[in-house]
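Hi,

Here is the structure I promised to pass on. Have a look at it first, and my notes on what turned up follow below.

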Amino acid sequence: NEMEGADLPNSSSKVKDNTYAAFIQYGVAFSRNTQASIGLRFEHVSFEYEDLSDPTGNLSRNYNNLFPSASFSTVLGKVRMMLAFSSKTQRPSFWQLNNSMMYHNRYVVQQGSPTLKPSIENTVSLTTMFSIFTLGASYSHYSDLISNWSEQMNEEGLIRVSYKNL
């Protein structure tokens, strides 16, 4: 079964993305060996996707997010310890949002997804240092992780590589 190639639909789109952010942080030294800090970042994002060939695909989104951060470090005996928390976002790139199809070969096309949402990552980490040794551990939780996604597009076996929030 040989495949000749596939017709790709016409597409034309316009993306407008505005981000405004403010950050505040407060730090305090309790002693020479013990410090703490807290911070807060506010982001306002306005996103518009206009499908110039099919107006039913237009999207408009506004995000207002708060991203906290905190850290605490101290020395216990001869061991320095630091505990930290942070929250941040990863917004989809233009290529991940672009709905236009790109032809890779006769079996594979690539297409973005304008319905992608930003991914939020919350991380907690603990770092300990003793002499020349450092030991660290961290845990991250992702919401709406942006991932590559492949699926069969038609009965001829054409594969579409795209992006999806997991």
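Lys 117 and Asp 144 form a salt bridge, with 3.8 Å between their closest N and O atoms. Please keep in mind that this is a predicted model. The pair links distant parts of the chain, 27 residues apart: Lys 117 sits in the loop between strand S6 (108-111) and strand S7 (119-130), and Asp 144 in the loop between strand S8 (133-143) and strand S9 (146-152). Lys 117 is partly exposed at 37% relative accessibility, and Asp 144 is partly exposed at 29%.

By the rule used here, the count of salt bridges is 4. Another one joins Arg 160 to Glu 151, at 3.2 Å from N to O. Arg 160 has a relative accessible area of 21%, so it counts as partly exposed; Glu 151, at 33%, is partly exposed as well. Salt bridges with shared partners also tie Arg 41, Glu 43 and Arg 91 into one network. Within it, Glu 43 meets Arg 41 at 2.7 Å, N to O. Glu 43 is buried, at 7% relative accessibility, whereas Arg 41 is partly exposed at 31%.

There is a cavity to look at too. The structure holds 1 cavity of 30 Å³ or more, and the largest cavity has about 90 Å³ of space. Among the residues lining it are Asp 17, Phe 47, Arg 61, Tyr 63 and Arg 91. Strand S2 (35-51) and strand S3 (59-76) are the elements that each give two or more residues to this lining. The lining has 7 nonpolar residues, 3 charged ones and no polar ones.

Best wishes

Note on methods. Residues numbered from 1 in each chain as written. Predicted model: local features only at pLDDT ≥ 70, side-chain atom pairs only at ≥ 80, totals over all residues. Heavy atoms only, no water. 1 Å grid on protein atoms, 1.4 Å probe; cavity = no way out; pocket = protein on both sides within 12 Å on 5 of 7 lines; lining within 4 Å. Points joined across faces, edges and corners; volume = space filled by probe spheres on them. Helix = DSSP H or I, 4+ residues; strand = E, 2+ residues; numbered from the N terminus. Nonpolar A, V, L, I, M, F, W, Y, C, P; charged D, E, K, R; others polar. Salt bridge = Lys/Arg side-chain N within 4 Å of Asp/Glu carboxyl O. Buried < 20%, exposed > 50% of the residue type's maximum accessible area, 1.4 Å probe, protein only.
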